[in-house]
Amino acid sequence: MTLSILAQLAVSGALIGLVYALIAYGFQLTFATSKSINFGQGELVMVSASFTLTLITLGLPYWVVVPAGLLFGAALGLFVERAAVRLALEQKSEGWILLTIILGLFLFSVAENVWGRDDRPFPTPISSEPIHFLGVDVTPVELSVAVGVFAVMGLIEVFKRQTLLGKAFEAISADRDAGELMGISATHTVMLSYALSGMVAALAGILVSPITTVGPTMASAMILKAFSVAVVAGLESGFGVVVIGMFLGALESIASYSLGSGWREAPGLLLLILALAVRPTGVFGKAIIRKV
Amino acid sequence: MWKRLLLIRGAELLMFALLIGVPLAVQNPYVLGLLTLLAIYGILLIGLDVTVGYLGQVNLAQAAFLGLGAYTAGLCVTRLGWGMPLATLAAIGVGVLLGALLALPALRLEGPQFALATLSFTALTVTALNELEWLTGGAQGLSLSRPPLFGHLLSAREFYWLCMALLALVWIGMRNLLASQWGRAFEALRDSPIATDAMGVGTYRHKVAGFALGSALGALAGALYALNFQYLQPQTFVYELTVILLLGVVLGGRKSLWGAFVGASLVALLPNLLSNRTLFEAISGVGFLLSLFAGVRGLLRRAMRPFQALAPIVATFALVVGGLLVQNTEDWRKAIFALMLFSVVVGLPEGLMGFASKFLSRLFRIPDAPLPAASPLEQVLPAKKERSGAPLLELRDLKRSFGGVRAVDGLSMTVRAGEVHGLIGPNGSGKSTVVNVVSGLYTPTAGEMLLRGRPLPRGSLFDTARVGVARTFQNLQLFTGLTALENVMVALRGAFPKSRSMPLVLLGLGRREEKRAQADALALLEFVGLADQARTPARDLTYGAQRFLEIARAVARKPDLLILDEPAAGLSHPDMLRQIEVIKRVHQRGVTIVLIEHHMDVVSGLCDVVTVLDGGKSIAEGTPAEVKRNPKVIEAYLGEVEAGPAASPVPTAPATA
């Protein structure tokens, strides 16, 4: 394997890795406010992408379709929160794990029947003609992934730091009870986080669809790697998921080239189990002091 | 007593007799196939219930263990030419080994992280089965033919009976195990891992053993699966199956062998249920009416939240309407399953059998199993005839800091045998940290801790508990899902010599110990005045009773040193007086006590010596009366005091959170 091939594999892998990072970031948003994550997030990615594709085939222009797709994702996020998470959180049980899995199963089945089981291409105005840059080829579609990921993560981080609503979000994340005593509704904040998380999932779907095509199983491998990224990086650090996401993307692209494409998923999963064994709070996570 | 045994054992016998008898009456290979699958799934789900029900963790790896067991057995038969018994044993071995290997790292995790780790294991297993083509045949699959058993080629019917016999064995073994100290330990560490370690039970050991056991059962089911179908494909053991298995356990009812069995029948019968339209309509209709009835009743009685009542109605209504609209129910298999599960998980969190067993025990008035008479106290908590006054616990220059905060900053103190040693100080003076360091929750940053002149284990609750230090918790750490009696039984020291070995327990050899332990635990409940609430789940006890139970549980360790962390915090006045009596009686049995307390009347009434902490250091030591007059102590509590009445008593500070 020459160095240039290696670099090429690493770069295009890392760009796909940003999609994992974006989905993992969606986990962090809900984990911060409610200590819960949506195990059916992959279905949110897939259903939002399918919905957006339907709008495109109806002839709506791309720049109208994308915001509509994001809103649809946010609505799905709210639905997940209402149907699967809120009751379990009120009962302080871990029922949300099961319920979000169930909801994912349901959405998967609906998508199979509404949009069919085949993979369909996702047209985009962004060109996929490669540009030669510093010895590696990147396509504008791949670059659009990077731009979209950094833009939305940046916007959400600015929102959290600069707006009153964002500060309420941070307050509930830091201490739910204290936040509620200051008059912030924890329920509304959790809803907000699920809406944001759904929107982020939709964006991930829209960004990656031109590369992967759209179909019911488009996210099933991706979601596993997003889980890995979220756990390896820790469920707190947005910077962490970007680093780990790009690293994992590069690693698996090299693994699939050198070991065979069937082994594509293996590095992420091994990385996950290893990281959990060595550092259960994640590479970028904080150690927790147990209190009694 | 007999009624209970007759009904419960009778129902089990009847079910197995029926299942064994069916193939004699019905000569239908299709039915036989289904029943065989039912037996296999039964074993699989009983295994899964160990982690999901008892350990309380969402385990998504059971399909992987089914696959690993199946492939191990398959490869042993095809490649090595082994017979059925050896191949099955090999599969179980692989299950135990990989189960333990996965458990070691994964069980340090809780909740979602554990679910993710097991999910990754499943995905990794499927990848490996697919890609190791030279071994497994990859996506092409692996064909085998069932070898004869001791020279006799089993017919399909005989193989079914073999599976049933194994299911019955697993059933009996697991019943023995789960009713023993093991079952209690599993539930205890689900409720409070910290207290489980502090009671000397060993969270980690039990978690790993439980997970490995569940995985071994999964692998056993896998071996039977391979020998039954005689063709394996990696695609069978994917995420979807693992989710369906998990949901089968939840649907049937957690922590119940019957529940696992009911879940297994649903998982096995599901495909047929969907292909028969009338049956499907009937079931969804009944489901809708039931949830409508239960939901409306729950709302009218205000026993349910609106969402809990309405969501199952909406979901089952969608099933009924969807069933009428949709052309082919097979296509909507997953959605149908999802809707059914959703209604059960929301509406019946205890599962079908959890609900049914409550209902049936009320219907037939099944009495609880009777309790033995309490043991004499002298046997449970022998009075110590130790020489009083010798140093028992010595702390030398003990330090513990968190980041830059020095919570304990060079504390030296000596606790003498037979004394009640008070530890007081204003909020944030480091009392709780001292307790947590001595009991092993935190590792000391520096300094020495000696028990009877020998170094105390550092940073391990379990090891510290094992050398005779017991503690209670300021923020109660009871095993909330267990009864008061079981809470004490978990902690009983030296009561279960046989039950330490899992095989002996599986064979049912721990029963006598169990009776004796019940009697011992009952004596301790009597000791703190809770004997009449022995069967009450800890979460339903009053706050005061929970505090007494904490002490009874710690005393069950027969400790040399008992650390009480604010035992009177938040108690009403009558309860506090009762608590003082309880502590006095524990002391009279010769137990040395370290008492952390804010209430000055509790301290004055009980303590022989008091150490006052401030800023992580000892600022005074003496009898309660001496300490009260010490100007440094008064200053620490009230700030600097100018000339005034010297003997102002130390005020009762509010409890630290």
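In the predicted model, helix H18 (residues 431-438) of chain B lies across E3, E4 and strand E6 (446-451) of chain B, and runs at about 70 degrees to E4(B). The sheet concerned is open and has four strands, in the order E4-E3-E6-E7 (chain B), with antiparallel pairing. Its edges are formed by strand E4 (405-416) and strand E7 (454-455) of chain B; each has a single partner strand, so one side of each is left without a neighbour in the sheet. The partner of E4(B) is strand E3 (residues 391-402) of chain B, to which nine bridges join it in the antiparallel sense. Among the residues involved, Phe402(B) has Val405(B) of E4(B) as its bridge partner.

Chain B as a whole contains 27 helices and twelve strands. Its C-alpha atoms fill a box of roughly 95 × 60 × 50 Å along the principal axes. Of its 657 residues, 49% count as buried. Among contacts in chain B with a separation of 6 or more, 74% are made by residues 24 or more positions apart.

Strand E9 (residues 561-565) of chain B is an example of a buried element. Five of its five residues are buried, so the strand is largely enclosed by the rest of the structure. Leu561(B), Ile563(B) and Asp565(B) point one way from E9(B), whereas Leu562(B) and Leu564(B) point the other way. E9(B) is paired in the parallel sense with strand E8 (residues 469-471) of chain B, over three bridges. In that pairing, Leu562(B) of E9(B) is the bridge partner of Ala470(B). Strand E10 (residues 592-596) of chain B also runs parallel to E9(B) and is joined to it by five bridges. Here the bridge partner of Leu561(B) is Thr592(B) in E10(B).

Further pairings involve strand E11 (residues 609-614) of chain B. Four bridges link E11(B) in the parallel sense to strand E5 (residues 420-424) of chain B, and Val612(B) in E11(B) is the bridge partner of Ile424(B). With strand E12 (residues 617-622) of chain B, E11(B) pairs in the antiparallel sense over five bridges. Asp614(B) stands opposite Lys617(B) of E12(B). The hairpin of E11(B) and E12(B) has two residues between the strands, and Gly615(B) takes a positive phi near 60 degrees there.

Two helix pairs in chain B were examined. Helix H2 (residues 29-54) and helix H10 (residues 203-229) of chain B pack at an angle of about 165 degrees, and their axes are 8 Å apart. This angle makes H2(B) roughly antiparallel to H10(B), and the crossing is left-handed. On H2(B), the residues in contact include Thr36(B), Ile40(B), Ile43(B), Leu44(B) and Tyr54(B), while those on H10(B) include Gly210(B), Phe211(B), Leu213(B), Tyr225(B) and Asn228(B). By class, the contact of H2(B) with H10(B) comprises 14 nonpolar, seven polar and no charged residues.

Helix H20 (residues 484-491) and helix H22 (residues 511-527) of chain B pack at an angle of about 110 degrees, with axes 9 Å apart. H20(B) contributes Ala484(B), Leu485(B), Val488(B) and Met489(B) to the contact, and H22(B) contributes Ala517(B), Gln518(B), Ala521(B), Leu522(B), Leu524(B) and Leu525(B). Nine residues of this contact are nonpolar, one is polar and none is charged.

Helix H14 (residues 306-325) of chain B holds Leu310(B). This residue has 18 other C-beta atoms within 10 Å, and is therefore partly exposed. Leu310(B) and Gly354(B) are separated by 44 residues in sequence, and their C-alpha atoms lie 21 Å apart in space.

The contact between chains A and B takes 34 residues from chain A and 44 residues from chain B. On the side of chain A that touches chain B, the elements giving two or more residues are helix H3 (62-90), helix H4 (95-115), helix H9 (220-233) and helix H11 (266-278) of chain A. H4(A) gives the most to this side, with twelve residues. The residues on this side of chain A divide into 25 nonpolar, six polar and three charged.

Notes
Residues are numbered from 1 along each chain as its sequence is written. Chains are lettered from A and ligands numbered from 1 in the order in which they are written. This is a predicted model: local features need pLDDT of at least 70, side-chain atom pairs count only at pLDDT 80 or more; totals for chains, interfaces and linings use all residues. Two residues are in contact if their C-beta atoms, placed from the backbone, lie within 7 Å. Ala, Val, Leu, Ile, Met, Phe, Trp, Tyr, Cys and Pro count as nonpolar, Asp, Glu, Lys and Arg as charged, and the others, Gly among them, as polar. Two strands pair if DSSP finds at least two bridges between them. Axes are lines fitted to C-alpha atoms, for helices over the stretch in contact, and angles run from 0 to 180 degrees between N-to-C directions. A residue is buried if 20 or more other C-beta atoms lie within 10 Å of its own, exposed if 12 or fewer, and partly exposed in between; C-beta atoms are placed from the backbone. Angles under 35 degrees count as roughly parallel, over 145 as roughly antiparallel, 65 to 115 as roughly perpendicular and the rest as oblique. A crossing is left-handed if the near helix is turned anticlockwise from the far one by less than a right angle, and right-handed if clockwise.
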